[in-house]
Amino acid sequence: MNAPSGGMICWGLSGGALLGIFTPVCSCTVTNIYAGIVAGGASQRASSAFLFASPALNEFAILFMFVIVGPFGGLVYVLTGFAAALATAYLAPVLGLDPARFVQQVVSPHLCGTIARESILVRAHREAWALFKRLFGVVLFSGLLAGILVNFNLTLVESLKQAGAAWWGPLIATVLGLPLDINAASTAPILVALHQIVSIGTLVAAMMATTVSSIPEWAMLNRLIGKAGAIKVVCWYATYVALLGLLLNWLFA
């Protein structure tokens with residue numbers, strides 16, 4: 001995943017996105033893995049592609065989209081999601097997606113003169129334990145938030161039912177979906193309830209918004225990259241998802 005430069009950058013970014021596709025985790029979990037792969041030496045942009053792709057574009061999300069909205073809707077979701085992961089990677093420096101400083105502060109104090117003789121497993125265990133101790137409070141707080149936010153899942157469904165096939169449906173899906181902590185498996189019933197009522201752009205926006213981000217993830221990102229970086233990332237996610245949904249509604253109205 002740590003691509004050097006030049007023509008290999010695209011392969012590195014694609015590798016980060018593909019790793020995310022085959023790592024089915026929710027938005028509140030992906031930040032821990034994100035910090036881990038950065039500590040392991042992954043590049044800033046490749047790890048950022050993983051950060052977007054893993055919750056929003058994993059195999060469960062893709063499977064549900066193909067089953068619920070058909071081959072065309074599933075293909076649209078895959079292509080637009082992959083494009084979003086690559087765009088997030090290229091924008092990583094602007095978005096402040098660089099937790100390397102935090103990771104180095106946590107891991108470096110534990111380095112010793114015998115590191116050259118450490119096995120990979122021993123080093124991985126040591127670094128993972130150091131990160132866990134520093135992130136434990138945020139992880140616990142994020143878990144509590146995730147449990148509370150489950151109660152608001154039906155609010156999204158009812159609001160989108162009222163919106164119906166309106167062109168502004170993706171805006172509602174984005175605003176209400178991004179804060180919720182819902183993984184791809186939990187989003188499936190929402191899509192089933194909506195796929196004959198709302199347009200494809202609204203469906204894609206709902207799936208991507210509910211899976212790619214959440215308030216627990218924001219809390220974790222705030223710890224890793226700071227408040228300014230976390231706000232930039234959330235604003236980028238919201239802008240992309242909303243504009244994508246509006247574009248699809250316009251193209252396939």
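1. N32 counts as partly exposed, since its relative accessibility is 27%; buried means under 20% relative accessible area, exposed over 50%, and partly exposed in between, with a 1.4 Å probe and protein chains only. N32 is placed in helix α2, residues 27–39. Helices here are DSSP runs of H or I with at least four residues, strands are runs of E with at least two, and both are numbered from the N terminus. Although N32 and E217 are 185 residues apart in sequence, their C-alpha atoms are 9.5 Å apart in space.

2. On the basis of the model: this is a predicted model, in which local features need pLDDT of at least 70 and side-chain atom pairs count only at pLDDT 80 or more, while totals for chains, interfaces and linings use all residues. Residues are numbered from 1 along each chain as its sequence is written, and side-chain values use heavy atoms, with hydrogens and water left out.

3. The chain as a whole has 12 helices and zero strands. Of its 253 residues, 51% count as buried. The accessible surface amounts to about 11600 Å², and carbon and sulfur atoms account for 71% of this; accessible areas come from the Shrake-Rupley method with a 1.4 Å probe, and for residues only the protein chains shown count as cover. Among contacts between residues at least 6 apart in sequence, 82% join residues at least 24 apart, where contact means heavy atoms within 4.5 Å.

4. G12 and S47 are separated by 35 residues in sequence and by 9.3 Å in space, C-alpha to C-alpha.

5. The packing of helices α9 and α11 deserves attention. Their axes are 8 Å apart and pack at an angle of about 10°; axes are lines fitted to C-alpha atoms, for helices over the stretch in contact, and angles run from 0 to 180 degrees between N-to-C directions. The angle therefore makes α9 roughly parallel to α11. Angles under 35 degrees count as roughly parallel, over 145 as roughly antiparallel, 65 to 115 as roughly perpendicular, and the rest as oblique. On the α9 side the contact is made by G169, P170, A173, T174 and G177, and on the α11 side by G201, T202, A205, A206, A209 and T210.

6. A173 is a residue of helix α9 and counts as buried because its relative accessibility is 0%. With neighbours within four places in sequence set aside, A173 is in contact with L156, L160, L178, T202, A205, A206 and A209. A173 and S159 are 14 residues apart in sequence, and their C-alpha atoms are 8.4 Å apart in space.

7. T174 also belongs to helix α9, residues 169–177. T174 counts as buried, at 5% relative accessibility. Leaving aside neighbours within four places in sequence, T174 contacts P179, A205, A209, A238, V241 and A242.

8. A238, in helix α12, has a relative accessibility of 23% and therefore counts as partly exposed. Not counting residues up to four places away in sequence, A238 touches T174 and L178. Between A238 and L178, which are 60 residues apart along the chain, the C-alpha separation is 7.4 Å.

9. Helices α11 (residues 200–212) and α12 have axes that come within 8 Å and cross at roughly 170°. This crossing makes α11 roughly antiparallel to α12. From α11, I200, G201, T202, V204, A205, M208, A209 and V212 take part, meeting E217, Y237, Y240, V241, L244, G245, L248 and N249 of α12.

10. The surface also calls for comment. F72, L247, W250, L251 and F252 make a nonpolar surface patch of about 580 Å². Patches are made of residues with over 30% relative accessible area and no salt bridge, with like charges joined within 9 Å and nonpolar side chains (Val, Leu, Ile, Met, Phe, Trp, Tyr) within 5 Å; a salt bridge is a side-chain nitrogen of Lys or Arg within 4 Å of a carboxyl oxygen of Asp or Glu. Helix α12, residues 215–251, gives the most to the nonpolar patch, with three residues. F252 is found in the segment after α12 and is partly exposed, with a relative accessible area of 41%.
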